[in-house]
Amino acid sequence: MIIAGTVTVKMAERIKRLYDQMPFPKWVIATGSCAISGDHYRHIYSVVPGVDWVIPVDVYVPGCPPTPEAFMDGIIELQRLISEGKTRPHLNVVSEPLEQRASKVRPVKTGDLPREGTYIPPNEVLEFARRLKEGGFDFLTYITAVDYGGSIDVVYSVRSLERNEDRVWKVRVETENPVVQSIVPIYKGAEWHEREVYDLFGVRFLGHPNLCRILLPEDWEGHPLRKDYPMDTPRLPYRPSRKEYEAWKKG
C-alpha cells in the first residue's frame, strides 16, 4: 500500500479497513511529508500527524512532493528489506528472508492444472476453479473478457500468494448466447468481477447470487464493450448520439 498526501481523521478508519482487508504479505510506503508527519497541517484538529498513527509503515519517502528518484529509491529500499527479512514481523506470515521461505514451500503437483491461456469448456469452469483453489491458487486476480466478433473469450487469472505463481485460463462462448458457470462459490471475490463482465459484455454467469449491472443503470440498453454495440446509442456516456454529432457539425 502506498500512502500519499495528508491523512485526515475521516480517512483514517477507511485506510485501516483497507489495510486489514489486504492479503498477506503486505507492506506500506508513506510518501511525502504530509503522509509521514502531517507537515504544515499536523496541528489542525482534523489531520492525523502521520499515517503510522493508523497503520504500520515499512518505508518513508521524504519530500514535498517526493521526486521520482526518491520514490524509486523507496521501492528499492522496500525490496531490500523484504529480501533481508527486515520488514515489520506482524506484516508478514513469517519474517525470514524470501529465499529461505521459498526453500521451505511444500511442492504441489500442478501438472493437471490449467496452464497459461488454456481454454476450458464453459460447463467445466467451476470444477477447474475448485482444482486451482485446492492446488494453492487462493487469490482471484481478475476476470475480464474480449469480444472477437462472433465469440467472446472470458479470461480468468488466479494467483498463489505463497508461491508467487499465476494461472490464467479462458472460456470461449458464442456471442449469441454467452453463458458461463459462476465461480463465486469457490472465489467469493468473483462476485463483482462477474457483474462487470455481465454489464459490459453481456456474459451471463450461472449460479451468481446477484447478477445485475455494476457500472451502468439497470435500464441501460446493450453492453458497451461488445463489437455489436451501436456507437450512436442515445445514452452513450459523455458522448453525443450520432444524430446530435452530425447536427453539431452542421452548426
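Two strands count as paired if DSSP finds at least two bridges between them. Helices (H or I, at least four residues) and strands (E, at least two) are DSSP runs, numbered from the N terminus. This is a predicted model, where local features need pLDDT of at least 70, side-chain atom pairs count only at pLDDT 80 or more, and totals for chains, interfaces and linings use all residues. Residues are numbered from 1 along each chain as its sequence is written, and side-chain values use heavy atoms, with hydrogens and water left out.

Start with the whole chain. Its secondary structure comes to 7 helices and 9 strands. Of its 251 residues, 38% count as buried (under 20% relative accessible area, exposed being over 50% and partly exposed in between; 1.4 Å probe, protein chains only).

Select residues 151-160 and 165-174. These are strands E6 and E7, antiparallel over 10 bridges. Click Val155: its bridge partner in E7 is Lys170.

Widen to the open sheet of 4 strands. The order is E4-E7-E6-E5, with mixed pairing. E4 (118-119) and E5 (139-147) stand at the edges; each has a single partner strand, so one side of each lacks a neighbour in the sheet.

Next, show H6, residues 190-201. H6 lies across E5 and E6, at about 10° to E5.

Finish at Cys212, which counts as buried because its relative accessibility is 17%.

Methods: Contact means heavy atoms within 4.5 Å. Axes are lines fitted to C-alpha atoms, for helices over the stretch in contact, and angles run from 0 to 180 degrees between N-to-C directions.
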